[in-house]
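Biologist: Could you take me through the charged pairs in this one, starting with a close look at a single spot? I'd like the cut-offs as you go.

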Amino acid sequence: MQELLQRGHVGLALPKSHYTHRVVAMAVRLVVEDGLPYRTASWHLWRDHRVFVPYATIQNWVEAGGKKGGTTHPRRLSERRNWMISRGYIAPTSCTTGRFCVLSIVDNRTFRRLIYEVLDHDPDHADIERFFRRPPGDTQRRGLVLQGITTDGSNLYPEPISQVFGDVSHQLCEIHVIKELTKAVLHASAKVRKELAATRPKLGRGRPSSAAARKAARQAKRIEEKVGRPVQHRYLFVQHVLTPAQRRTLIRITRGQPELRTLRSIIDEVYRLFDRRCRTDTAWEKLARLRHRVRRFRRIANLAEALLSNLEKALTFLDDKLLPSTSNAVERGNRRHRKMQKTVYRVRTKPHISSRIALDMQRRGTSWRSAV
């Protein structure tokens with residue numbers, strides 16, 4: 001038996017072994033959240049994860065969790081809330097799922113959801129402003145100060161933030177800005193390739209017979225190769241760090257095309273702007289020089305100028321070491337919510353969505369009610 005276990009032929013646990021916390025949590029979720037019977041939950045664990053748990057053991061886990069998971073003492077709950085938002089950095093988000101939209105505010109330092117609201121329509125500035133007016137009163141009553149807000153760059157947030165929170169540090173998510181930059185650079189490179197492909201001479205049918213036709217065929221083949229190589233290696237224009245071999249490849253495929261090399265230099269300069277060793281004023285000076293450099297290339301100047309105009313607010317975190325540069329906190333919560341909707345089909349109505357988010361908050365150590 002020991003030899004078979006070491007070879008991996010038998011999926012049985014060793015004597016005196018214990019179930020991991022992940023198995024226990026997964027079994028309790030199948031019963032409490034998904035509403036499965038104990039026998040069915042045991043079969044699901046074996047079918048999906050190859051872990052055999054007797055249904056009586058699952059029943060004991062669920063009953064023990066119900067006894068231990070009672071109401072939290074108000075004083076301890078208040079201390080927990082104060083600890084979660086004492087640093088004063090939050091990240092709002094709006095996650096659209098079907099006909100409903102989930103508004104959330106997450107503590108961007110502890111990655112915990114503080115408050116949420118489920119809407120049955122697309123949010124506007126009035127909804128965002130009404131939603132933002134809930135936390136300030138609570139934070140002021142507890143003597144807490146809001147230090148900074150990180151958003152994903154949506155147009156819904158700047159006006160309500162200025163009206164509700166006043167002159168607070170507003171940071172655009174670095175990941176969303178770089179994402180838009182990547183799209184713009186790839187679009188600009190495709191535009192340059194399209195213009196180059198338009199210069200390819202038209203060839204007649206059949207094999208070229210005259211000297212001029214053979215010369216045009218060779219020229220068309222060279223242009224086709226110059227157009228095809230950047231397409232094959234287009235990831236080199238937006239990759240963060242390039243190896244020496246990749247640098248040589250990039251120089252080879254952009255020979256005779258200064259616009260494509262300029263696109264890569266734009267990416268390099270933008271990545272340097274987000275270095276925490278730099279200050280905001282210094283980053284703005286570098287950004288101004290970069291814009292002046294890009295204006296020399298008319299084919300990409302308009303696109304690059306429109307793109308670089310949103311980088312000022314994405315550099316706010318350079319002067320505050322505690323202000324997060326990304327909104328990963330809310331993105332993780334949104335990913336958990338979308339995964340939950342894929343696994344549990346009945347989470348499609350407003351009451352079920354609200355209940356599931358509340359259950360997720362309680363499981364992660366937060367017990368705030370939704371804004372209804």
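Biologist: In which helix do Arg130 and Asp127 both lie, and how many residues apart are they?

Modeller: Quick caveats first: this is a predicted model, with local features needing pLDDT of at least 70 and side-chain atom pairs counting only at pLDDT 80 or more, while totals for chains, interfaces and linings use all residues. Numbering runs from 1 along each chain as its sequence is written, and side-chain values use heavy atoms, leaving out hydrogens and water.

Now your pair. Both residues sit in helix α6 (residues 125-132), three residues apart, or about one turn of the helix. (Helices are DSSP runs of H or I with at least four residues, strands are E runs of at least two, and both are numbered from the N terminus.) Arg130 and Asp127 form a salt bridge, with 3.5 Å between the closest N and O atoms. The rule is a side-chain nitrogen of Lys or Arg within 4 Å of a carboxyl oxygen of Asp or Glu. Asp127 is buried at 10% relative accessibility, whereas Arg130 comes out partly exposed at 42%. Here buried means under 20% relative accessible area, exposed means over 50%, and partly exposed is in between, using a 1.4 Å probe and protein chains only.

Asp268 is buried at 12%, while Arg247 is partly exposed at 35%.

Helix α12 also holds Glu269 and Arg272, three residues or about one helical turn apart. Their closest N and O atoms are 3.0 Å apart in a salt bridge. Glu269 is partly exposed at 26%, and so is Arg272 at 46%.

The largest nonpolar core has 33 residues, and Val270 and Phe274 are among the members that touch the most others. (A core is a set of buried Ala, Val, Leu, Ile, Met, Phe, Trp, Tyr and Cys residues joined through side-chain atoms within 4.5 Å.) Elements giving it two or more residues include α11 and α12, and α12 supplies the largest share, seven residues.
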